[in-house]
Amino acid sequence: MQNITEVQCNIRLGNHNLDISDIDFSNFTHLKLDAAIDLGQFRMSEQELRLRANQYSNELKQLGAKIGELESELNEHHLVIETVSKVPGDRKCFRLVNGVLVERTAGEVLPALRTNEEGIKSTIKQLTDQYKAKDKEFIDFQQKNHIRIASAQ
């Protein structure tokens with residue numbers, strides 16, 4: 001077993017410095033170092049709290065906007081499916097694919113529209129779940145740090 005005679009260590013956590021270089025470890029026969037630090041004891045500054053709260057708020061707004069956009073697209077798909085379902089399957093129809101107008105039949109387009117509709121529904125569900133999780137995380141953050149968001153009136 002080696003003797004530890006000198007340890008130099010400066011640890012920086014946020015605005016806090018921990019210095020253990022002045023401790024004499026030469027008399028220790030067995031030394032176990034555990035780096036278990038409770039970060040909860042180090043409070044964020046007011047500016048850091050505001051920044052983090054704004055980040056949560058912006059992330060929630062972005063998720064909400066994307067969900068709204070996809071719900072609008074889902075409604076459009078639903079209307080088109082409803083309309084195309086009423087026409088004969090061999091009737092010409094045109095579909096915009098990556099900016100190119102493509103001629104197809106109603107029978108060819110309908111399955112693709114239904115597949116897209118299901119994909120949009122699935123994406124909306126995933127984003128809604130993400131929104132709920134992020135909102136809960138934000139509420140927990142607010143409670144932990146005693147934050148109240150002032151509403152603009």
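Is Phe141 buried or exposed, and what is its relative accessible area? Phe141 is buried, at a relative accessible area of 8%; here buried means under 20%, exposed over 50% and partly exposed in between, with a 1.4 Å probe and protein chains only. The close-ups below start from that residue's surroundings and work outwards.

A quick note on the model: this is a predicted one, so local features need pLDDT of at least 70, side-chain atom pairs count only at pLDDT 80 or more, and totals for chains, interfaces and linings use all residues. Residues are numbered from 1 along each chain as its sequence is written, and side-chain values use heavy atoms, with hydrogens and water left out.

**View 1. Tyr56, Phe138 and Phe141 are linked by ring pairs into a cluster.** The count of aromatic pairs comes to two, where rings of Phe, Tyr and Trp (its six-membered ring) pair if their centres lie within 6.5 Å, and planes under 30 degrees apart are called stacked, over 60 edge-to-face and the rest tilted. Take Tyr56 and Phe138: the ring centres are 5.1 Å apart and the planes sit at 20°, so this pair is stacked. Tyr56 belongs to helix H1 and Phe138 to helix H2, so the pair ties together parts that are 82 residues apart in sequence. (Helices are DSSP runs of H or I with at least four residues, strands are runs of E with at least two, and both are numbered from the N terminus.) Both Tyr56 and Phe138 are buried. For Tyr56 and Phe141, the centres are 5.3 Å apart and the planes at 45°, so that pair is tilted. It also links distant parts of the chain, with Tyr56 in helix H1 and Phe141 in helix H2, 85 residues apart. Tyr56 itself has a relative accessible area of 4%.

**View 2. The charged end of Arg52 sits over the ring of Tyr56.** The distance to the ring centre is 4.3 Å. To count, NZ of Lys or CZ of Arg has to be within 6 Å of the ring centre and within 35 degrees of the ring normal. Arg52 is partly exposed, at 24% relative accessibility, whereas Tyr56 is buried.

**View 3. Arg52 also makes a salt bridge with Glu137.** The closest N and O atoms of the two are 4.0 Å apart; the rule asks for a side-chain nitrogen of Lys or Arg within 4 Å of a carboxyl oxygen of Asp or Glu. Glu137 lies in helix H2 (residues 106-144) and Arg52 in helix H1 (residues 46-85), so the two tie together parts that are 85 residues apart in sequence. Glu137 is partly exposed, with a relative accessible area of 34%. Side chains of opposite charge can pair when their charged atoms come close.

View 4. Asp140 is partly exposed at 35%, while Lys136 is exposed at 53%.

**View 5. Phe94, Leu96 and Leu101 make a nonpolar surface patch of about 370 Å².** Patch members have over 30% relative accessible area and no salt bridge; like charges are joined within 9 Å, and nonpolar side chains (Val, Leu, Ile, Met, Phe, Trp, Tyr) within 5 Å. Areas come from the Shrake-Rupley method with a 1.4 Å probe, and for residues only the protein chains shown count as cover. Leu96 is in strand S3 (residues 92-97) and is exposed, with a relative accessible area of 61%.

**View 6. Gln142 and Gly107 are both residues of helix H2.** Gln142 is buried at 16% and touches Ile147 and Ile149, leaving aside residues up to four places away in sequence; contact means heavy atoms within 4.5 Å. Gly107 is partly exposed at 41%. Its C-alpha atom is 9.2 Å from that of Lys92, 15 residues apart along the chain.
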